[in-house]
Amino acid sequence: MAELLLILISAIFVNNFVLARFLGICPFLGVSKKVETALGMGMAVTFVMTVATVVTWFIQYFVLIPFGIEYLQTIAFILVIASLVQLVEMVIQKTSPVLYQSLGIFLPLITTNCAVLGLAVLNIQKEYSFLEGIVFALGAAIGFTLAMILFAGLRERVDLCPVPKSFRGTAIALVTAGLLSLAFMGFAGLVKG
Amino acid sequence: MLAAIISLGAIGLFAALALGLAAKKFAVEVDPRELAILELLPGANCGACGYPGCSGYAKMVVGGDKIAATCPPGGSSVMDKIANIMGFAPITTEPKVAVVICQGDNRKAKDKYRYLGLADCQAAQKVADGPKQCPGGCLGLGTCARVCPFGAIEMTADNLAVISRKKCTGCGKCVASCPRKVIRMAPLDATTHVLCNSHDKGALVRKYCEIGCIACQICKKQVPEAYEIENFLATVVYEHYDKAPAAVEKCPTKCIRDFMISYPEGSSFAEATVPLRKKDEAA
Amino acid sequence: MTTSRLKTFPGGLHPADNKLWTATSPIENVPLPEELIIPLSQHIGAPADACVDVGDQVKKGQVVGSAKGFVSVPVHASTSGEVVAVEPRLHPSGRMLPAVVIRPDGADAWREDLPKGDPELLTADEIRDRLRDAGIVGMGGATFPAHVKLSPPEEKPIDTLIINGVECEPYLTADHRLMLEEPDRVLRGVAILRKVLSVDTVCIGIEANKPDAIALMTEKCAGSGVEVIPLEVKYPQGAEKQLILAITGREVPSGGLPMEVGVVVQNVGTAAAVADAIIDGMPLIERICTVTGSGVVAQKNLRIRVGTPLQHLVDQCGGLNGEPAKLIMGGPMMGMAQLSLDVPATRGTSGLLIFREGDVPLVEEGPCIRCARCVRACPANLLPTTIAAYTRLDMFDEAEGYNAMDCIECGCCSYSCPSFIPLVQSLRHAKGAILEKRRKMS
C-alpha cells in the first residue's frame with residue numbers, strides 16, 4: 001500500500017510529467033489560456049491515460065512478450081492508443097453530446113500525445129505490476145491536470161499585467177512555464193521514484 | 001519476423017474492425033455542406049452576420065431555405081461559393097468599408113477640458129460627453145482599433161483613428177464600438193468622403209476645428225448631384241460617388257478627402273492608395 | 001480619545017477633511033441672480049416635462065416641469081418672474097439638457113395656494129404624494145426621489161430609519177451648519193418621515209468631527225426616542241450601505257437595496273426639506289451649499305436657490321482667487337467636475353469646490369505597483385485593481401465575477417492609488433458595460 005502511495009506522490013509531484021519530464025508540452029502550452037479549458041483537457045488526459053495503460057499493459061504482456069517482439073513496442077503502442085482514442089471519441093460523441101462538447105474537442109489532441117505514449121513506455125520500463133501501472137497512470141494524469149490548472153491560472157493573471165510588447169503571448173508563457181517547472185524542482189528528493 | 005508481421009497485423013486489423021464498426025454504430029450526422037461552408041468563411045468570428053461566430057452562420061445557412069444574412073468580411077466571392085454549395089440563387093453584395101469621418105486630431109481640433117482618465121472612448125464619452133469640443137469628433141482613445149478583428153484601424157501620433165481600406169472587411173464592429181458614431185459604413189467604390197461629423201454651424205466649427213465642414217455649400221455648387229448638405233454638414237451622395245472627387249480641391253477647409261489620392265495626415269496607410277475600385281480590378 | 005469605540009465599517013480612508021474653512025461660518029442668504037436656469041433633470045429617474053412657455057409669468061413655487069412616471073418629481077420655479085427661455089443649457093453633467101430660464105421680477109412672490117398641512121392629520125399616502133409634488137429628492141447628492149424610497153413594497157418591512165448627518169465628504173459643511181442652525185426644522189422632518197414609515201427605531205448618524213452638532217442634536221432629541229449616534233471619522237462613512245452597517249450591523253446583500261435589511265436612510269437636508277414641504281407646503285427650491293476651496297476669496301456656507309448660476313455664488317464669496325484649475329460640484333470625492341461657472345446649481349448641489357493649479361494633482365497615470373492600497377481602502381470589499389485591469393481588456397464577464405456591480409463609486413480606490421490610476425472610472429465603466437450587456441440579454 002505504501003509502495004502504491006509513493007508511486008502516486010512521485011508521479012504527481014516529484015516526476016511531474018509536464019514540469020519534470022517535459023512530456024506533453026504541446027497541450028500544456030496550447031490549451032492553457034483559461035482554467036476551464038485546462039481542466040477539461042486534464043480530465044480528458046486522465047481518462048485516456050488510464051485506459052491506455054490498461055490496454056498497453058495487456059498488449060505488452062500478452063502479445064509482445066509471448067511472441068518475442070518487444071522491439072515493436074513503440075509502433076504497437078501508438079497504433080493501439082491512437083485507435084483507442086478515436087474509438088472513445090466516437091462513443092462519446094454518440095452517447096453523450098454534452099460530455100463531447102466539454103471533453104471531445106480535446107480528444108484528437110491526445111491521440112498521439114507524447115505524455116500518453118511516454119506513460120505506457122515508462123510503465124513497462126519500470127516493470128510495474130498491473131495495479132501499480134494503473135496507480136502510476138492516475139498519478140501522472142493528476143500531475144498533468146495539476147500542472148495545467150496551475151499554469152492556466154498563472155496565464156490568466158499574466159494577461160492582466162503590463163507585459164513588455166516583445167514578451168507578450170507565447171514568450172511570456174514559456175518564461176512562466178520555466179518558472180513553474182523550477183518551482184516543481186523543489187519536490188526533487190521528496191520521494192525516490 | 002513472421003510473428004511480428006502477424007501479431008502487429010492482427011492488432012491493426014482488430015483496431016480497424018473496431019473503429020469501422022464504431023463508425024457505423026456511433027455515426028453522427030453532420031451535414032457535409034456545413035463543413036464546406038465553414039471552410040469558406042473567414043473564421044474571424046466577428047459576428048457581423050448577426051450569428052454567433054462562423055459556425056453559427058454555417059449552421060444557419062444549412063438549416064434555412066435561403067441565405068438570411070451575408071458575411072461582410074467574406075464579401076461577394078465567398079457568398080457566391082456558398083450559394084453554389086447550397087444551390088441557391090447567388091446574392092449580390094456590395095462590398096463596404098468603414099470610414100472615420102473626422103480628421104480632427106489633437107493638433108487640429110480643440111479640447112474642452114483636460115482628460116486624465118481611462119484610455120477608452122466609451123468611458124471618456126461618459127465624462128461630460130467627451131473631452132473634444134466638437135460633439136461628433138473622433139476622441140482618439142483607440143476603442144475601435146482595439147475591437148477590430150482584422151487590425152485595419154490605426155491611431156495616428158496625434159490620436160486620430162484611420163481605417164485601412166485594404167484591410168477593412170466591412171464587419172462593422174468598430175461602428176458599434178464608437179460612442180460618437182464617427183465611423184460609418186460606405187461602399188468600397190466610393191473613395192471620396194466628407195470627413196466631418198459635426199452638425200454645428202460653420203462659425204462654431206471654425207472655433208474648435210481647423211479641418212471641419214463649415215457647410216459653405218461650395219462642394220454642392222461644384223457637383224450638385226454628388227453632395228447634399230443637411231444640418232450644416234455636407235455628405236457625399238454615394239450613388240454619384242464617381243463625380244464627387246471633382247469638389248475635393250475646392251473645399252476651403254480641406255475636409256473632403258479622396259482616399260484614392262491620400263489618407264488623413266499622420267496615417268501610415270498611404271500604400272493603400274493603389275487602385276481599389278472594382279472597375280479598375282475588372283479592367 | 002475614544003475613537004476606537006465609535007461605530008464604523010471596514011475599509012475606507014481618512015482624507016484631510018479641510019472643513020475648518022467653513023465649519024464656523026453661519027449660513028448666508030444669496031440675493032437673487034439676474035437669471036435662474038432651472039434644469040428639468042435634477043433627480044435620478046425620468047426628467048420632468050416643461051409645462052410653461054416663453055413669456056409666461058411664474059410665481060415662486062409654481063411647477064415649471066411636471067413629473068413623468070413614478071421615479072420622477074416635478075420641478076418648481078425658485079422665484080417669481082418671467083420665463084425667458086425653455087431650451088437646452090449646460091447641465092452639471094456636462095451635457096446640454098433642457099432647462100427653464102427665469103428672469104426674476106424681484107417681488108419673490110409665492111404662489112397663493114401652497115398646500116400647507118398638519119402632519120398629524122395627513123395619512124402616510126397623502127404625505128408621500130405631497131412630497132412628490134414638492135419635488136423632494138435625496139439632498140446628499142444622489143437626488144433620488146424621496147417618495148420612492150419611502151414606498152417600500154409590503155414584503156420588505158422597514159424597522160429602522162437612519163438620518164444621515166455624517167457629511168463624510170471633505171470640505172463640505174452644509175449639513176453641519178444645518179444641524180447647528182436649524183435643528184428643530186430637521187427634527188420636524190424626522191418626525192414626519194418616522195410617521196410615513198411607521199418605525200420606532202430612529203437614529204441620526206453624525207461623524208465625530210462635529211462634536212457641537214452631536215451635542216446639540218442629542219439635547220434636542222432627548223425624550224423623543226430618536227438616538228444620536230456619533231460615528232468614527234472616516235470616508236465614506238456617509239455612504240448608505242456603509243452607514244447601515246456601522247449603525248445596525250446589518251450588511252446590505254450584494255446587488256440589494258437598503259430596504260432588504262429593513263432600513264431607510266434619509267439625509268438631514270432631506271428631512272428639513274420634508275418639514276418645509278409638509279408643514280409649510282414649500283416645494284424644494286432652495287438648499288444649503290458650501291462654496292470653498294483655494295480658488296475663491298472667501299469660503300462660505302450659502303442658502304441658494306435652485307437654478308442659481310455658479311458664477312453668482314462665486315461672486316457672493318468675493319470672486320475667484322486666481323485662475324481656477326478645477327471646479328467640482330459636490331464633494332471632492334464623489335462630486336462632478338464642471339466645465340464652466342455658467343452651470344446652474346441644482347437640488348443636489350451640496351458644495352462648490354474651486355481649486356487652483358498646484359492644489360490639485362493633474363498627473364498622468366503610472367503602472368500598478370501592486371501595493372493593494374485600493375484593496376484595503378475599498379469599503380465594499382472589492383479588488384479595484386483587478387476589476388480595472390479586466391475593464392482595460394474589455395473582459396467584463398470577469399469584472400462581473402469580481403462583483404464590479406457592488407462598487408459604490410466612493411472614489412477611495414482612486415484617492416489611495418499612488419500611481420494615479422483612474423480606478424473608480426474603470427469600475428464605473430465596467431458597471432455601465434455590464435448593465436448594457438444585461439439589457440441585451442433580457
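This report describes the sheets, a helix pair, the chain interfaces and some backbone features of a predicted model.

## Basis of the model

In this predicted model, local features need pLDDT of at least 70 and side-chain atom pairs count only at pLDDT 80 or more, while totals for chains, interfaces and linings use all residues. Residues are numbered from 1 along each chain as its sequence is written, chains are lettered from A and ligands numbered from 1 in the order in which they are written, and side-chain values use heavy atoms, with hydrogens and water left out.

Helices (H or I, at least four residues) and strands (E, at least two) are DSSP runs, numbered from the N terminus. Two strands pair if DSSP finds at least two bridges between them.

## The four-stranded sheet of chain C

Chain C has an open sheet of four strands in the order 2-8-7-4, with antiparallel pairing. Strand 2 (36–39) and strand 4 (57–58) of chain C are at the edges with a single partner strand each, so one side of each has no neighbour in the sheet.

Strand 7 (residues 81–90) and strand 8 (residues 96–104) of chain C are joined by nine bridges in the antiparallel sense. In this pairing C:Leu90 is opposite C:Met96 of strand 8.

## The six-stranded sheet of chain C

Another open sheet in chain C has six strands in the order 1-14-13-17-15-16, and its pairing is mixed. Strand 1 (27–29) and strand 16 of chain C are the edge strands, each pairing on one side only.

Strand 15 (residues 324–329) of chain C runs antiparallel to strand 17 (residues 351–356) of chain C, and five bridges join them. Across this pair, C:Pro324 stands opposite C:Arg356, and C:Lys326 stands opposite C:Phe355. Strand 15 of chain C also pairs with strand 16 (residues 336–337) of chain C, in the antiparallel sense over two bridges. Here C:Met329 faces C:Met336 as its opposite residue. The hairpin of strand 15 and strand 16 of chain C has six residues between the strands, and in it C:Gly330 takes a positive phi near 100°.

Helix 3 of chain C lies across strand 1, strand 13 (286–292) and strand 14 (300–305) of chain C, and runs at about 125° to strand 13 of chain C. Axes are lines fitted to C-alpha atoms, for helices over the stretch in contact, and angles run from 0 to 180 degrees between N-to-C directions.

Helix 3 (residues 174–181) of chain C also packs with helix 5 (residues 211–221) of chain C, at an angle of about 40° and with the axes 9 Å apart. Their crossing is left-handed (the near helix is turned anticlockwise from the far one by less than a right angle). From helix 3 of chain C, C:His176, C:Met179 and C:Leu180 meet C:Asp212, C:Ala213, C:Leu216 and C:Met217 of helix 5 of chain C, where contact means heavy atoms within 4.5 Å. The residues of this contact comprise five nonpolar, one polar and one charged. In this division Ala, Val, Leu, Ile, Met, Phe, Trp, Tyr, Cys and Pro count as nonpolar, Asp, Glu, Lys and Arg as charged, and the others, Gly among them, as polar.

## Interfaces between chains

In the interface of chain B and chain A, 15 residues of chain B are in contact with 18 residues of chain A. These chains bury about 1300 Å² between them, 86% of it on carbon and sulfur atoms. Buried area is the accessible area (1.4 Å probe) that two parts lose on being put together, summed over both. On the chain B side, B:Leu8, B:Ile11 and B:Phe26 lose the most area to chain A, together 39% of what that side buries. Zero salt bridges are found across this interface (a salt bridge is a side-chain nitrogen of Lys or Arg within 4 Å of a carboxyl oxygen of Asp or Glu).

Between chain A and chain C, five residues of chain A are in contact with seven residues of chain C. The buried area is about 520 Å², with carbon and sulfur atoms giving 57%. In chain A, the most area is lost by A:Lys34, A:Asp159 and A:Leu160, together 66% of what that side buries. One salt bridge is counted between chain A and chain C: C:Glu398 with A:Lys34, the closest N and O atoms being 3.1 Å apart. Over all chains, the whole structure has 34 salt bridges. The pair that crosses between chains runs from C:Glu398 in helix 11 (residues 396–401) of chain C to A:Lys34 in the loop between helix 2 (25–30) and helix 3 (35–67) of chain A.

## Backbone features in loops

Most residues other than glycine have a negative phi, and most peptide bonds are trans. The peptide bond from C:Tyr235 to C:Pro236 is cis, with omega near -5°; C:Pro236 lies in the loop between strand 11 (226–231) and helix 6 (240–248) of chain C. B:Gln217, a residue other than glycine, has a positive phi near 75°. The loop between helix 8 (202–208) and helix 9 (218–222) of chain B holds B:Gln217.
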